[in-house]
Amino acid sequence: MDGFDDEEIARALALSVREAYKPSETSDRKPEPKEIIEIPSSDEEDNKEDVQFQSNIQRAIEASKAQSASSSRTYSPQDSISPTISPSAISAPSMLVRSSNAFPFDRAQLERERLERQKRLRPDLVEAQSKPQLDNEDEETDENVNMNGRSAKRQRLSHNSSTAYHSNIPSSSTRPTTEKAPRATTSGTQSREPTDTYFWNGELRQTANKYVEPSKDTRPVFRLTDILAPRDEISFAIISAYCVDFPWMYSFFNPSTPVIIVAQDSQGNETMKEVLPNWIKTTPFLRGGRGCMHMKFMLLFYKTGRLRVVVSTANLLPIDWRDIENSVWVQDVLLRPRPTPHESKVNDFPAAWTRILHSLNVAPALITMVKNGHTDLPISRLEDLRRKWDFSKVKIHLVPSLAGKHEGWPKVLQSGHVALMKAVRDSGARTPKGKELVLECQGSSIGTYSTQWVNEFYCSARGDSAEEWLDQPRSRRTKLPYPPIKILFPSDKTVKDSALGEQGGGTMFCRRSQWEGAKFPRNLFHDSRSKRGGVLMHSKMIIATFRDTGPLNKGKAPQSDSETEPESDDEVVEVDAQGREEDKVIGWAYVGSHNFTPSAWGTLSGSGFNPILNNTNFELGIVFPLRRAEELERVACWERPPRKYVLGKDEPWMQSESAYFAEE
């Protein structure tokens, strides 16, 4: 969120949430309930929080009871809370919400309509679907999310990664499969977890969206109910997001399930508080109150012993899972037959998680949860993650940014773009000699860029150590030309022409002062357009590809148009000694919470002998190699090649100059 303070961003997000339900005057859609949200100042937040607390608890309990009262209902928790919100309902940035309990639709009518649709699409399921449901989260109405004419059960079928192009690439385009999870629990008892969708080799999908064009919505998607199913089998959860609608999220869980939620404190303080029955909110420390806790993840522990790991780009708000497009990676992990000894010096996937959770102030919350009577949690300390679960099938690499100052190579390698460098190397995706790296950086917030920082990031993206970079004179580093990077951000026209129009641009941030800066790299900007039609993308993603460094390409990328410059992602196939085809790495992909900004990725200083990395934000994402052009196109969520801005004609969307937001 470089260039914006937290209250400014939170207010903008709130305005977007407030109007996300109101269609444009030219829309044929039925009017939806309007959320009226006002973000008070941080001083008001402290005074009102205790008053709001009891109201929030009561609303959340009632919402959860309403959601689970009748097993024959087929509506989603996303449908169950769409009320009018009082003007002072949300406090930035924790997004505590209160509202009436009125539901704006006739559930019986929705059920009749759903059965009629099922009768047309799947006559064989009508009889079974008309009987009382055992799990009302298995089905959702079409009013919630456009599912391209497919039933929810069919949509939720998994795609077995074992038949994907490569096991280390999250799969989303192979044959569907379902399989039962092992039933052994951490206590040795048996649990009856129903057959559901599991992702033992990892899965990357976009979120379901109400406004996509059905003809372009051809790939499997994730809903929040998919990820959190079956809800009654979740024994414990650790979840995190920058913005959270607490009562809405509470309705997705059984009220008895203990949950630790990581969020942001408005003053940047390290805090811990019980915010709902069995829910503890914890916040990490931010230096000087600057920056934000921007990580978006879930660790879901099931009664069978299964662990579900989720890394996403979505906040825990209805609009992020319905109106704007996000990306989600999910992988299920098995419980080990027996715990392994603790190893303090390892630096693998679960060890990275342990370090991340410690930095987020989760350990004290875990202790408090046990003191509150939850003595049967699947973990008693964060180190149990690595000891108890088998992460051997996880092939992606975590890339965190941990807010603060990191000095010395051991610490610098664990955060920001230097951690990205290590992940690229560990993935076998370092830029080969004789090749040039081309980056496409998709995000929802623009930073303040300098040629020094962009080249610093580019050095790490290539997989090159920053040691030589830091030992170069600073005067030389500040005069380098921009490397071949394409910054993807929606143009003003793209936002106004989108399904929601200007009101959908409430989570996109760029300012006039940035765009018109004397040295701002305007010629690197490309339009961000979703493959799924007129929806705006909140996804943060980087696609990195290699191309030859011939005379036609050398030094040309920043000035050349993306529609005419040579593309580097053609499929590359090598043949081994036996004549068998082998896939060669053609690049890598990043998906997570990082926008392409210095605040997210960090800035380097110091020397090659003693580097210093300063991170403003807490961020989290994943990195994996790309081996085939087909894989690359499956992963990228935007139209490729992206259209380059025509300077003098195209400008980025600037929310602060929108007539719509000015009126609000």
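Met 272 stands opposite Thr 282, a residue of strand S8, in this predicted model. The strands involved, S7 (residues 271-276) and S8 (residues 279-283), are antiparallel and share five bridges. Two open sheets are also described below, one of seven strands and one of three.

**Hairpin of S7 and S8**
- Two residues lie between the strands of this hairpin, and Asn 278 has a positive phi near 70°.

**Seven-strand sheet**
- The strand order in this open sheet is S13-S24-S21-S18-S15-S16-S17, with mixed pairing.
- Strand S13 (397-401) and strand S17 (525-526) are at the edges with a single partner strand each, so one side of each has no neighbour in the sheet.
- Strand S15 (residues 435-442) runs antiparallel to strand S18 (residues 540-548), and eight bridges join them.
- Within this sheet, Cys 441 is opposite Ile 542 of S18.
- Helix H13 (residues 416-426) packs on the sheet, where it touches S13, strand S21 (587-592) and S24, and its direction is at about 170° to that of S13.
- Helix H9 (residues 349-359) lies across S13 and strand S24 (619-626), at about 20° to S13.

**Three-strand sheet**
- Here the order is S14-S23-S22, in an open sheet with antiparallel pairing.
- Strand S14 (404-407) and strand S22 (603-606) form the edges, and each pairs on one side only.
- From one strand to the next, the twist averages 25°.
- S22 and strand S23 (residues 611-615) run antiparallel and are joined by four bridges.
- Ser 605 is opposite Ile 612 in S23.
- H13 packs on this sheet, touching S22 and S23, with its direction at about 110° to that of S23.

How values were computed
Residues numbered from 1 in each chain as written. Predicted model: local features only at pLDDT ≥ 70, side-chain atom pairs only at ≥ 80, totals over all residues. Heavy atoms only, no water. Pairing = 2+ DSSP bridges. Contact = heavy atoms within 4.5 Å. Axes fitted to C-alpha atoms, helices over the stretch in contact; angles between N-to-C directions.
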